[in-house]
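Take a first walk through this structure. The text below follows its charged side chains and their partners.

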Amino acid sequence: MSIWWSLHLRREAASVPLARRLLIGTMETAGVDPDISYDLSVALSEACANAVEHGGDTACGGPGSEAYRVTAYLDGEKCRIEVADAGPGFPAASAGRSRPPIRPAHSDAENGRGLCLIEQLADHVHIGNKPGRGGAVVSFDKVLKWREDAAPLMAV
């Protein structure tokens, strides 16, 4: 079974639950275990919220800076999600690192937990910048488990 979809969303808070509901509906239809669906939907919400908050360049105000893209792939036994924006991207990685370090937020901080949470909920995470054009890309995947009461959706 293979399902994929891609959304081009405005950088508005209302886009976050839209992406989350579409992902949950897709996984429910495919027969994915609800716990896996929940983990991925929370991780997606965090990545989308980061794109909404940080994914634009207000100085330039170009057309791409007011939107971000979410792509989800359910392919075989794995779900892969990618959220890409047109903002300034992440700070340059330090020598010898492929990406900037993710530091846990202080326990009383109101912000700064999203990337750490994504790393906790997903099996593999890639955080980086789009080559050449600017903007951040957060992609993550998780091995799927299936509901006991439903066989996985199969291609016909």
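Buried means under 20% relative accessible area, exposed means over 50%, and partly exposed lies in between (1.4 Å probe, protein chains only). Arginine 69 is partly exposed, with a relative accessible area of 29%.

The model is predicted: local features need pLDDT of at least 70, side-chain atom pairs count only at pLDDT 80 or more, and totals for chains, interfaces and linings use all residues. Residues are numbered from 1 along each chain as its sequence is written, and side-chain values use heavy atoms, with hydrogens and water left out.

Start with the charge pairs. Side chains of opposite charge can pair when their charged atoms come close. A salt bridge is a side-chain nitrogen of Lys or Arg within 4 Å of a carboxyl oxygen of Asp or Glu. The count comes to 5 salt bridges.

One of them joins arginine 69 to glutamate 82, with the closest N and O atoms 3.1 Å apart. Arginine 69 lies in strand 2 and glutamate 82 in strand 3 (residues 78–85), so the pair ties together parts that are 13 residues apart in sequence. Helices (H or I, at least four residues) and strands (E, at least two) are DSSP runs, numbered from the N terminus. Glutamate 82 is partly exposed, at 22% relative accessibility.

Another salt bridge links aspartate 141 and arginine 80 (3.4 Å, N to O). Aspartate 141 sits in strand 5 and arginine 80 in strand 3, 61 residues apart. Aspartate 141 is buried, with a relative accessible area of 6%. Arginine 80 is partly exposed, at 34%.

Now turn to aspartate 33. Where does aspartate 33 sit? Its place is in the loop between helix 1 (15–30) and helix 2 (34–54). Aspartate 33 is buried yet has no salt bridge. The nearest side chain of opposite charge, lysine 145, is 6.7 Å away; Lys and Arg count as positive and Asp and Glu as negative, while His and the chain ends are not counted. The side chain of aspartate 33 does reach the backbone nitrogen of aspartate 35, at 2.9 Å.

Contact means heavy atoms within 4.5 Å. Leaving aside neighbours within four places in sequence, aspartate 33 is in contact with Lys145, Trp146 and Arg147.

Follow that last name. Arginine 147 is found in the segment after strand 5 (136–143). At 23% relative accessibility, arginine 147 is partly exposed. A polar atom of its side chain lies 2.9 Å from the backbone oxygen of glutamate 28. The C-alpha atoms of arginine 147 and glutamate 28 are separated by 9.0 Å, though the two are 119 residues apart along the chain.

How values were computed
A polar contact is a pair of N or O atoms within 3.5 Å; within protein, one must be able to donate a hydrogen and the other to accept it, and residues adjacent in sequence count only if both atoms are side-chain atoms.
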